[in-house]
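Let's take a friendly walk through a protein model, starting with its sheet and ending with its nonpolar cores.

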Amino acid sequence: MKCLFCSIVSGEIPADTVKESDNVIAFNDINPVAPTHVLVIPKIHYENASELASASPDVLIECLEMASSIAKERELDGYRTVFNTGADGGQSVFHAHLHLLGGRALAWPPG
Ligand code: 5GP
Ligand code: ZN
């Protein structure tokens, strides 16, 4: 079965795009858990952030920069960036993605 986020990158599955560059795309999460819940993903498929960091550290940094620029544009009063990795990390889509969460006070530690 084709990767869901690869299908979003190719346009086969629509997404609510927030920002895009040559290597990275940011779109709203379909099931937001905060007023800002944006997913920032590399356009090339990597299974998780660990693979992305090994294979393409520049694109990993681009993901973080794009999240930071969206947070600045929205003037968020603090925010959280999270890569869930693997089953215990809560990853459910196995195409690396950075969650940008903000717009409300976020609890810590996570569940
Ligand atoms: P994970 O649990 O892997 O860290 O995060 C996957 C995220 O992808 C979840 O927050 C989920 O709501 C989101 N998601 C799953 N399917 C879709 C989809 O088809 N479109 C969008 N925009 N987000 C999705
Ligand atoms: Zn993919």
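Predicted model: local features only at pLDDT ≥ 70, side-chain atom pairs only at ≥ 80, totals over all residues.

Residues are numbered from 1 along each chain as its sequence is written, and side-chain values use heavy atoms, with hydrogens and water left out.

**The sheet**

Strands are DSSP runs of E with at least two residues, helices are runs of H or I with at least four, and both are numbered from the N terminus. Two strands pair if DSSP finds at least two bridges between them. Here, five strands form an open sheet with antiparallel pairing, in the order β1-β2-β3-β5-β4. Because β1 and β4 each have a single partner strand, one side of each is left without a neighbour in the sheet.

| Edge strand | Residues |
|---|---|
| β1 | 17-20 |
| β4 | 79-82 |

Further in, β3 (residues 36-42) and β5 (residues 98-102) pair over five bridges in the antiparallel sense. Thr36 stands opposite Gly102 in β5.

**The cores**

A nonpolar core is a set of buried (under 20% relative accessible area, 1.4 Å probe, protein chains only) Ala, Val, Leu, Ile, Met, Phe, Trp, Tyr and Cys residues joined through side-chain atoms within 4.5 Å. The largest one has 17 residues, and Val40 and Leu52 have the most contacts inside it. β2, β3, α3 and β5 each give two or more residues to this core, with the largest share, seven residues, coming from α3. Apart from it lies another core of nine residues, including Cys3 and Leu39.

Conventions: Chains lettered and ligands numbered in written order. Buried < 20%, exposed > 50% of the residue type's maximum accessible area, 1.4 Å probe, protein only.
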